[in-house]
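Hi,

Here is the structure I promised to pass on.

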Amino acid sequence: MLALVRQSIERSGGWLPFDRFMALALYAPGLGYYANDSRKFGQLPASGSDFVTAPEMSPLFGKALAVQVAEALRATGTDEVWEFGAGSGALALQLLQALGRKVRRYTIVDLSGSLRARQQTTLAAYAGQVRWAGELPAQMRGVVVGNEVLDAMPVKLLARVNGTWHERGVALAGEDALAWEDRVTDLRPPVEPEGTHDYVTEIHPQAEAFIRTLADRLVQGAAFFIDYGFPEREYYHPQRHMGTLMCHRGHLADADPLADVGTKDITAHVNFTGVAVAAQDTGLSVLGYTTQARFLVNCGLAEMLASADLGGRVAGQRLIAEHEMGELFKVVALHRGDFWDAVGFREGDRTHTL
C-alpha cells in the first residue's frame, strides 16, 4: 500500500491532494481498506473487527427502518430497494426479513469485492431477490438506503493558516514515511468560520457529486441516508477548528490517516446542508431531516423495545441514546414527486436547520 501511495505521489509531482490519497487508502484494488479482506464490521475487537454500525448493533435498526421503507415504496409506487455500501449485509438481511415480497428486487451497489462475498453469504436465503451492481444504471426507480456510506467518501482538506487558505495534501518524508504539505488554494468551505484563528476542515465534492448523480438517475422514488454529521452552520463552527477527520481500527479511534495506510478506516462527518443543496440543485426535494433517535422512535422503535428481551433492549437503546448514536447520527430523506408526510419525520423534523 505504501509503495502504491509513493508511486502516486511521485507521478503527481511530489504532492497528492488528500481526497486522492483517501481514495487510494480506502479503495485501491486489493490493498485499500475496503478492498482487502480484513474483518471491518463487528461488535468487539476480539472478532478482529474495527467498528460496529447500527445494523450489527441491533436488528431492531433494520426493523424500524423497514417501516419507513415500506411506506416510501407505497408512496412512490415502486417495488425495488437500492442499498449503497451494504457492509456486512446485515441491514439488507433485516430489511428483506421485514419487507418480504413488498420488494421485488434488492440491488446492492458496493465497490468492495471482499464485502460482496460476505454479503452473498449473509443473503443466501434471498438469492432470488438480491443482485449486485458496480455502477448506477441510466435510470433508477425505487427506494434508496445508505447507512454510513457518505462519511466514507473522499474529502478535500482545507487549512486556514495565518489567515490564508491552503489545500492540505500528502507528500513523502523519507523512504517509508508520509507527511502533510499545504498549498495555497482558491478553494473555500461553504461557510467562512468566524474568527482569524488557524482552522482545519473538510469539503465534500465527491459526496455532493454522488448525490447529484443519484438525483439525475432517480426518476421515481426516494432516498434515505443515515450518517454522523451536522448542518452547515454547526459543521463550520469556529470551535470545530481541528475538523472531523477520524480513523477507526480495533474499535479505537485516531486522527492520523498517514499512519498504517490501508489497515484502518478513514472517515469525515457529513455536511447535511451540502447533501440537501446538491439534491435540490438536481431536481430532488428534501422529505425530512432529523436525528437517528427521533427517526427510529417515529418508526416504532419504542414499541419494539418494549417487546424485546433484556439483551435486545440494551442493544436497541444504544441506537437512540444521546451519548451513543441517537444525537450525532442524522437521517436525511430525499424524494422525487409529490411530498408525503413520511412517518420517520412526523415528530422532531429539523429540515429548517439545514
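Let me start with helix 2: seven of its 10 residues are buried, so the rest of the structure largely encloses this helix. Buried here means under 20% relative accessible area, with exposed over 50% and partly exposed in between, using a 1.4 Å probe and protein chains only. Helices (H or I, at least four residues) and strands (E, at least two) are DSSP runs numbered from the N terminus. The buried residues of helix 2 are F18, D19, F21, M22, L24, A25 and L26. Their cover includes helix 1 (2-11), strand 1 (16-17), strand 8, strand 9 (164-172), strand 10 (178-184) and strand 15.

Before I go on, a word on the source: this is a predicted model, in which local features need pLDDT of at least 70 and side-chain atom pairs count only at pLDDT 80 or more, while totals for chains, interfaces and linings use all residues. Residues are numbered from 1 along each chain as its sequence is written, and side-chain values use heavy atoms, with hydrogens and water left out.

Now the whole chain. It has 13 helices and 18 strands. Its radius of gyration is 20 Å, close to the 20 Å that the globule rule gives for 354 residues, so the chain is as compact as a globular protein of that length. (That radius is taken over C-alpha atoms, and the rule is 2.2 Å times the number of residues to the power 0.38.) Buried residues make up 56% of the 354. Among contacts (heavy atoms within 4.5 Å) with a separation of 6 or more, 75% are between residues 24 or more positions apart.

Next, strand 11 (residues 199-203), where five of five residues are buried. Y199, T201 and I203 point one way, V200 and E202 the other. Strand 8 (residues 156-161) runs antiparallel to strand 11, and five bridges join them; two strands pair if DSSP finds at least two bridges between them. One of the bridge partners is I203, which goes with K156.

In the loop between strand 10 and strand 11 you'll find P193. This proline counts as buried, at 2% relative accessibility. Leaving out residues up to four places away in sequence, P193 touches R160, W165, Y199 and Y236.

Of its 36 lining residues, Y27, F84, G85, V149 and M153 are the closest to the centre. Helix 7 (205-217) gives the most to this lining, with three residues. The second largest pocket has a volume of about 430 Å³, and V52, E148, Y228, H248 and F329 lie nearest its centre among 19 lining residues. Helix 13 gives the most there, again three residues.

For reference, pockets come from a 1 Å grid over the protein atoms alone: a pocket is an open set of points where a 1.4 Å probe fits, with protein on both sides within 12 Å along at least five of seven lines, and lining residues have an atom within 4 Å of a point. Points are joined across faces, edges and corners, and the volume is the space filled by probe spheres set on them.

Cheers
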